Amino acid sequence: MPVSSSHAKVLSLTYVALMAALMAVCAWITIPVGPVPFTMQTFAVFAALGLLGGKRGTLAVVVYLLLGLVGLPVFAGFSSGSAALLGPTGGFLVGFLASALVYWGVTAKWGKSLPGMALAMGLGLVVCYAFGTVWFLLVYTGGGSAATLLGALTLCVFPYILPDLGKIALALVLTRRVGKYVRG
């Protein structure tokens, strides 16, 4: 049975809202391990991108960030507002948006094959790490001479690489198993 245009739009917006909500729930699943907590946000971001595609997945990330910016406690530790975005881990939050844009661009060029999505998610993760690490160096350490790139990477990236690759794998499995049920 064909779906009307207005029904398709409502369904699309519902998927975007559900993925933004998933990002919030996954942010609340937190294990504190220093200045950058371990969360499931990375999984939710890449699941949204894999299931919804670049455009709607990016929109879900934007909605999630805007919800936090206006004061809803959707970030890790139930935090919100500009203080969370401008704090030491704010670069990772902004990095989620950059990751989404990278994913969108890569899959637009190479398609949504499993290797294409894996490449897009991997490159997106690298971009997220870059945003988060630079932000951390500038904000958390004040950009002082004692701040080193290696020190920031040791705190912000190295402990998270394997778990984040596992989250990407989980997002890819979910995308392959459930993606066929998400209309387009």
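Let us begin with leucine 119, which counts as partly exposed because its relative accessibility is 39%. Please keep in mind that this is a predicted model. Leucine 119 is a residue of helix α5. Setting aside neighbours within four places in sequence, leucine 119 is in contact with Val106 and Trp110.

## Helices α4 and α5

Two packed helices are described by the angle between their axes and the distance between the axes. What are these values for α4 and α5? The angle is about 155 degrees, and the axes are 7 Å apart. Angles over 145 degrees count as roughly antiparallel, and α4 and α5 are therefore roughly antiparallel to each other.

Their crossing is right-handed. Sorted by class, the contact of α4 with α5 holds 19 nonpolar and nine polar residues, with no charged residues.

Is threonine 133 buried or exposed? Threonine 133 is buried, since its relative accessible area is 4%, and a value under 20% is what buried means here. Like leucine 119, which lies in helix α5, threonine 133 lies in helix α5. Beyond its neighbours within four places in sequence, threonine 133 is in contact with Phe92, Leu149, Ala152, Leu153, Cys156 and Val157.

## Helix α2 against α4

Next comes another helix pair. The axes of α2 and α4 are 9 Å apart, and the two helices pack at an angle of about 100 degrees. That makes α2 roughly perpendicular to α4, as angles of 65 to 115 degrees are classed that way. In the contact of α2 with α4 there are 14 nonpolar residues, seven polar and one charged.

## Helix α2 against α7

How do α2 and α7 cross? The axes of helix α2 (residues 41-69) and helix α7 (residues 161-178) cross at roughly 30 degrees and come within 8 Å. That makes α2 roughly parallel to α7, given that the class covers angles under 35 degrees. The crossing of α2 past α7 is right-handed.

On the α2 side, the contact is made by Thr42, Phe43, Phe46, Ala47, Gly50 and Leu51; on the α7 side, by Asp164, Lys167, Ile168, Leu170, Ala171, Leu174, Thr175 and Val178. By class, the residues of this contact divide into nine nonpolar, three polar and two charged.

Phenylalanine 43 lies in helix α2 and counts as buried because its relative accessibility is 11%. Not counting residues up to four places away in sequence, phenylalanine 43 touches Cys26, Lys167, Leu170, Ala171 and Leu174.

Methionine 40 sits in the loop between β2 (38-39) and α2. With neighbours within four places in sequence left aside, methionine 40 is in contact with Cys26, Ile29 and Lys167. The C-alpha atoms of methionine 40 and threonine 133 are 18 Å apart, the two being 93 residues apart along the chain.

In soluble globular proteins, nonpolar side chains tend to be buried together. The largest nonpolar core of this model has 48 residues, and Met23, Tyr64 and Phe75 have the most contacts inside it. At least two residues each are supplied by α1 (5-28), α2, α3 (81-86), α4 (90-110), α5 (114-139), α6 (149-156) and α7. Which helix gives the largest share of this core? That is α2, with 13 residues.

Tyrosine 64 is worth a click here. Apart from its neighbours within four places in sequence, tyrosine 64 is in contact with Ala20, Met23, Ala24, Ala27, Gln41, Val74, Phe75 and Leu93.

## A positive phi at phenylalanine 78

Most residues other than glycine have a negative phi. Phenylalanine 78 has a positive phi of about 60 degrees although it is not a glycine. This residue lies in the loop between α2 and α3. Phenylalanine 78 counts as exposed because its relative accessibility is 51%, and the cut-off for exposed is over 50%.

Definitions and conventions: Residues numbered from 1 in each chain as written. Predicted model: local features only at pLDDT ≥ 70, side-chain atom pairs only at ≥ 80, totals over all residues. Heavy atoms only, no water. Axes fitted to C-alpha atoms, helices over the stretch in contact; angles between N-to-C directions. Helix = DSSP H or I, 4+ residues; strand = E, 2+ residues; numbered from the N terminus. Left-handed = near helix turned anticlockwise from the far one by under 90°. Contact = heavy atoms within 4.5 Å. Nonpolar A, V, L, I, M, F, W, Y, C, P; charged D, E, K, R; others polar. Core = buried A, V, L, I, M, F, W, Y, C linked by side-chain atoms within 4.5 Å. Buried < 20%, exposed > 50% of the residue type's maximum accessible area, 1.4 Å probe, protein only.
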